Amino acid sequence: MGKTNNSNKQTNIKNGNIKKNNIVNNNNNNNNNNNKNNNNNNNNNNNNNNNNNYNNNNNNNNNNNYNNNVIFNRNNNNKFPLPNSYYISILIRFIVGVLAVGYIHPDEYFQSPEITSSFMFSFKTFTPWEFNDSNPCRSVVIPLFNSGIPFFILKNLQKLINYCIGNNSISIINGNTILMAPRVFMVLISFSLDYYIVLICKSYNLSYRKSLSILSSCWLIIIFHSRTFSNTIESLLVATLLTIVLLYKKSISKGENIFFKDLLIGMIVSCGIFARFTFIFFATPLGIYLLYLLFQSSTSSLTRTPTTTTKTTTKTTLPSSRKPLKSKISCITSIILILFGFLIASGFFIVIDSIYFNYLDHLKLISDFNSITSNINTSDFFLSSNSTIDILNQISNIPKHPLISDLNSTHIISFLKNNLTYTPVNSFLYNLDVDNLSDHGIHNRLTHLFVNLPMMVGPLVLLFFFEIISILKNGINGNKDININDHDNNGFKRSHYSSSISISTSPTTSHLIRKEVFPISIRILLVSIIVFGLFFLSLAPHQEPRFLLPLFFPLALLSYRYFYFNKKSSKLLLVLWILFNMILTIFFGFIHQGGVTPSLVYIGSKIVKPQQYPFGSEQIVNNINVNINKSNDNNNSNNNNNNNNNNNNNNNNNNNNNNNNNNNNNNNNNNNNNNNNNNNNNNNNNYNNYNNNNYNKINNENIQKHPNNRLNNITIMFYHTYMPPRYLLGIEKDNEKINLIDLGGKDINSLKNQVEDIKGSKIFILSPIKDILYQQYKDKTCQLTESFWPHLTTEDPPQSIDELRLFMFECNDL
């Protein structure tokens, strides 16, 4: 308790409790009263408000220096209003998270929506090496969760629309919706982190206002947690496990039923390992702390002295000799339940993965089961007097079935090895081989510490090191900060903790700051999670910033209190935090590889969809910026069908010179309409004109040279960009006429050779390099048709701001 003048202090002792009385300052300044009970103190100067969390005195200099902080009423259950900055950050999280066009890393697409869209929508996609049937390193359950669920909702919503309308005229499945649906789902899930912050801070009687603001304003939750990374799922599971473990102690103390919590802990650990095996590194400190809590709960009864009687009631308790046994049984039961939950979830993952990757033939298992049970004639069970004997005889014949009699330990091990796949084990073994990691990039062992971690959390890195110093400095004397008379609402002892940095010599200010610090044991736990994860991830030669994403949540809990200090350093820290997150949000959210996904959505809607779903009986492509020629394939009929060619303003008759039919070809320099004798081609088709007569001649010559191709093939090339996710194009699996080629970072000669080798196909090249337009290609002519802004490939920086684009070129045969 703070010291006051003896002349202004009155002490009344009743029942051993010290109560503050009215304090009157007759000189110049009134001292601020901080009530811990808020029920026993009355201020005669009307400075105390029972509904407020703190008592204000306008003449108190110390309170003026701390007027922006919240001093919590320990026993008041009123909810504190959220800051306005938090609501602003929620709006930003939704808008930026869903609509941002930035491309962080290929895994955000190729480890989830590229996989699930293949069997959800039957799209033609690319299967990455992690999902190779021969050695799968990623569980398919994770993408089924983060993108499969929104795709399932989208697909059934389309069915509902078709059912209500009665036709397929309205389609909500397009490049934009399948891009944004998983993002909306992930943004909604990210709010679980906000909920965890509130739960943890309330549990330890700390403010959640600042921590929520720090969490929701970080670019990691705005950008990363809106994407379908496996790292995002790992981060969510680490935060979930941390929250359950931190609340676990109170559940034990209150005597709550922890049956479902134990099962949930085991399931979460299993899900985390199958999401990424690196989850073990972050969960290890939590497992050690949980075992400590269980061991502590089993031995705490030895030191308790049960109270059996009071003045008014009598309470019957178990003999003290039985309590340790009961506590130990409870501890063992919790461990068994955790293991049981782990095995249940792991079995689910293993079975689903084994079926998906064709290791486990579930149809064959059903057939074998039917074959075994077919020997039992259930009709004889109750039809004869000796049915019991018959049943016993039939049951005794089951072990003689070839499928059963051949079973032994060797066969069982062989079955588990050959018919099941264990993706975390495969991934771990793959990463042990340095040759495998060299394909993805080899980094210095200190890259995580000095490059990746600062890039992910910015100023929080300094606060993390300050916290380590504080723990090493004050952790040993942490018991001195415990006030034995301070208890929470439930009667359990609550410790007061020393600040990691001495902000003020004022006793009042120092006391207020100390209340925004977690107990020393929790601080050590949070630091251990960060240190363990950082250390073990740094052992691997391949290091990417996103691997450190699970460290963000414990680091936010550990360092948010530094933003409470009423000093210039805290204000500077806040400014740096805002600027850092603004820059990273803009860069990775909009600029970095920002033209890849918009270009795919554009091509899918303007080129691919018209070709896959043409109007009428003919396959006519109507494009706005890029004109595509599509020829009629009905050459075996006598229907005199003619095709309209919009790119050259010439209409090429498919049946011209092939059938002796009365075809009338009317060519006009501005708009050439071909009238079909069967009136099948009298559709209102609009075409875009190049107004280039020479180009029209080239197309006529091309059709004569390649009469079998008819320019009905499309080749899309991406050059010096990240891998383009195919699912955004919406190409059907059986469509062999549209192909996408990823040239990556190959040289210009590889691009030229690839272009020259393709004949009879419309070619679209997308690249940040504008010089492609000036290259000479054999039997090809290329021109710039579209560009997408902004786009930045760091390996090929633009020469000017105007060239901060992804250019789209169209190449055709001469």
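**A right-handed disulfide and its surroundings**

The link of Cys782 and Cys811 is right-handed, with 110° about the S-S bond. The model here is a predicted one, so to speak of local features takes a pLDDT of at least 70, and side-chain atom pairs count only at pLDDT 80 or more, while totals for chains, interfaces and linings use all residues. Residues are numbered from 1 along each chain as its sequence is written, and side-chain values use heavy atoms, with hydrogens and water left out.A search of the whole structure turns up 1 disulfide, a disulfide being a pair of cysteine sulfur atoms within 2.5 Å. In the pair that joins Cys782 to Cys811, the S to S distance is 1.9 Å. Cys782 sits in strand 8 (residues 780–788) and Cys811 in strand 9 (residues 806–813), so the bond ties together parts that are 29 residues apart in sequence. Helices (H or I, at least four residues) and strands (E, at least two) are DSSP runs, numbered from the N terminus. Both Cys782 and Cys811 are buried, where buried means under 20% relative accessible area, exposed over 50%, and partly exposed in between (1.4 Å probe, protein chains only). Elsewhere, Cys201 counts as buried because its relative accessibility is 0%, and Cys218 counts as buried at 0% as well.

Strand 7 (residues 761–767) pairs with strand 9 in the antiparallel sense over 5 bridges, and Phe764 stands opposite Glu810 in strand 9.

Lys780 has its place in strand 8. At 6% relative accessibility, Lys780 counts as buried. Its side chain and that of Asp813 are joined by a polar contact of 2.7 Å. A polar contact is a pair of N or O atoms within 3.5 Å; within protein, one must be able to donate a hydrogen and the other to accept it, and residues adjacent in sequence count only if both atoms are side-chain atoms. Not counting residues up to four places away in sequence, Lys780 touches residues including Val755, Glu756, Ile763 and Asn812, contact meaning heavy atoms within 4.5 Å.

Now for the nonpolar cores. Such a core is a set of buried Ala, Val, Leu, Ile, Met, Phe, Trp, Tyr and Cys residues joined through side-chain atoms within 4.5 Å. The largest has 99 residues, of which Trp219, Leu220, Leu242 and Phe553 touch the most other members. Helix 9 (residues 230–254) gives the most to this core, with 11 residues. Leaving aside neighbours within four places in sequence, Phe553 is in contact with Leu193, Tyr196, Ile197, Ile200, Leu215, Ala239, Leu242 and Thr243. Apart from this core lies another, of 32 residues, with Val596, Leu600, Ile714 and Leu740 among them.

As for the protein overall, there are 27 helices and 9 strands. Of its 814 residues, 47% count as buried.

Methods: Pairing = 2+ DSSP bridges.
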